[in-house]
Amino acid sequence: MSFVLDIATITAVAAGAFFFLAGTVGLLRFPDTLTRLHALTKADNLGLGLVVLGLLPLAGSVREGLKLICIWLLVLLAGATVSQLIARAALASEPHRRRGDHVVRAPEARPQWGSSAFAARDDGGPP
Amino acid sequence: MTIASALEVVLAAVVLGLAVWTIAARDTFSAVAGFVAYGLLLALVWVRLDAVDVALTEAAISGGLGGVLLLGAAARLRTSETPTSAERPGGMLRLEAALLSAAVAAALAAAVLFLPDPAPTLAPAAAEGAAATGLGNPVTNVLMAFRAMDTLLEKIVLLLALVGVWSLAPDPFWGGRPGMRHYADPQGVLAFLARLLPPVGIVVGIYLLWVSADHPGGAFQGGTILAAMWLLVMMAGLEDAPPVSRRWLRLLLTVGPVVFLIVGLGGLWLAGAFLAYPPGYAKPLIVAIELAMILTIAVTLGLLMAGAPERSVEQ
């Protein structure tokens, strides 16, 4: 029985770690704020959820298990709220993209946070 | 090398890297973001060192409270940032700054490297005296009994810091409401979070206080969570910040140190020394002080975040 549980733990935690890795790669590689948020929230929701699920068999008591689940639920709540707020701030700071509009993607036309804005600052001169 | 020690090496390397990056970052906002991440990772370091009490405080103060304060400062500095960073100090000044920094680093390194081995410790003495208070958490024992004077003074310093913030208020708004009025969509996500989270946060804050008798936790950690809940409600616009001249507010701000002082002076009379607890009554007295303290800490931290009064009472 404990062997089966160990396999379940390893599988779930590894899957959770994969989601965190994928989320991090997405955060670094995706082109704009909204897609980056999408990647980040997947890591928070699914990644942490799977890690908690994997740790449940190892919890010493029901109370500890409930605490783990509470942590996951609180992170879900905080992550969902904060990503909504960041997304709204991002939409407000990009005036050509309004809520509900169909977005035509033109990555080369839009300045990317990671590149041009910081590069201009690194030159020392005002952007 | 075991997995755990590999993890520790990676953690230490990331913390050091973040520290260097925080100093090297040109942009104030990026530096603050780096500092917050640094504080949270440092909390993990404390957990690895089995100092969970310190880890909780580090996460609450450096990651939470200090982060928000620095973000506020960065936002205020934004207008003057470009002209300031364009200025370059003279060569002599830079040389002096470099020499001073090197001297401080060398002194710190010497202090660490020339520590006697084994390092002098009072831990056995603290563990020996644990039975005197009836508390199982040695950190709470040290903070509330063996070194209670430090804790008392620390809380008074916190109050002085708040007075310092308030004294930045313009004359017409003295005693008024701190900061700007926050508005948010009453049906929006922020207001939703501000209705859902406080009941949970209040329970967790009080739990951290209660559990600190035998496990990591305490009035400071619990008070920080209570303050965060209050700030969330204010930021969502559900409740305005109270005018700082309100009598109940002043009462909450002083109840912690006052109860601490009364118990301390009582010790002078009943137990023969300032801040000494009469035998058998240590635990109830400590719980009473901590209960008063958590209220004071929560209100003080909340008001520190809310800032100097910027509006009159009516606004």
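Let's start with helix 8 and helix 9 of chain B, whose axes come within 8 Å and cross at roughly 165°. Axes here are lines fitted to C-alpha atoms, for helices over the stretch in contact, and angles run from 0 to 180 degrees between N-to-C directions. The helices themselves are DSSP runs (H or I, at least four residues), as strands are (E, at least two), and both are numbered from the N terminus. That crossing angle makes helix 8 of chain B roughly antiparallel to helix 9 of chain B; angles over 145 degrees count as roughly antiparallel, under 35 as roughly parallel, 65 to 115 as roughly perpendicular and the rest as oblique. The crossing of helix 8 and helix 9 of chain B is also left-handed, a word used if the near helix is turned anticlockwise from the far one by less than a right angle, with clockwise being right-handed.

Before going on, bear in mind that this is a predicted model, where local features need pLDDT of at least 70, side-chain atom pairs count only at pLDDT 80 or more, and totals for chains, interfaces and linings use all residues. Residues are numbered from 1 along each chain as its sequence is written, while chains are lettered from A and ligands numbered from 1 in the order in which they are written.

Back to that helix pair. Among the residues that meet are B:Leu190, B:Leu193 and B:Leu197 from helix 8 of chain B, and B:Ile225, B:Leu226 and B:Met229 from helix 9 of chain B. Two residues are in contact if their C-beta atoms, placed from the backbone, lie within 7 Å. By class, the contact of helix 8 with helix 9 of chain B has 18 nonpolar, five polar and no charged residues. For those classes, Ala, Val, Leu, Ile, Met, Phe, Trp, Tyr, Cys and Pro count as nonpolar, Asp, Glu, Lys and Arg as charged, and the others, Gly among them, as polar.

Now zoom out to the whole of chain B. Chain B has eleven helices and two strands, running α-α-α-α-α-α-α-β-α-α-α-α-β from the N terminus on. Its C-alpha atoms fill a box of roughly 65 × 60 × 40 Å, taken along the principal axes. Chain B is divided into domain 1 (1–77), domain 2 (87–117) and domain 3 (138–315), with bounds that come from an automatic or database domain assignment. The C-alpha centres of domain 2 and domain 3 of chain B lie 37 Å apart. Of the contacts in chain B with a separation of 6 or more, 73% are between residues 24 or more positions apart.

Buried residues make up 27% of the 315 residues in chain B. A residue is buried if 20 or more other C-beta atoms lie within 10 Å of its own, exposed if 12 or fewer, and partly exposed in between. Take B:Ala241, in the loop between helix 9 (219–235) and helix 10 (247–270) of chain B. B:Ala241 counts as buried because it has 25 C-beta neighbours inside 10 Å. Not counting residues up to four places away in sequence, B:Ala241 touches B:Arg177, B:Pro178, B:Gly179, B:Met234 and B:Ala306. B:Leu268, found in helix 10 of chain B, has 12 C-beta neighbours inside 10 Å, so B:Leu268 counts as exposed.

What about chain A? There are four helices and zero strands in chain A, and 10% of its 127 residues count as buried. The axes of helix 1 (residues 2–29) and helix 2 (residues 33–55) of chain A come within 7 Å and cross at roughly 165°, so helix 1 and helix 2 of chain A are roughly antiparallel to each other. Their contact divides into 16 nonpolar, seven polar and two charged residues. In helix 2 of chain A you'll find A:Leu55, which is partly exposed, with 17 other C-beta atoms within 10 Å. Leaving aside its neighbours within four places in sequence, A:Leu55 is in contact with A:Thr9 and A:Leu68.

Finally, see where the chains meet: the contact takes eight residues from chain B and six residues from chain A. Helix 8 (residues 189–211) of chain B gives the most to chain B's side, with five residues.
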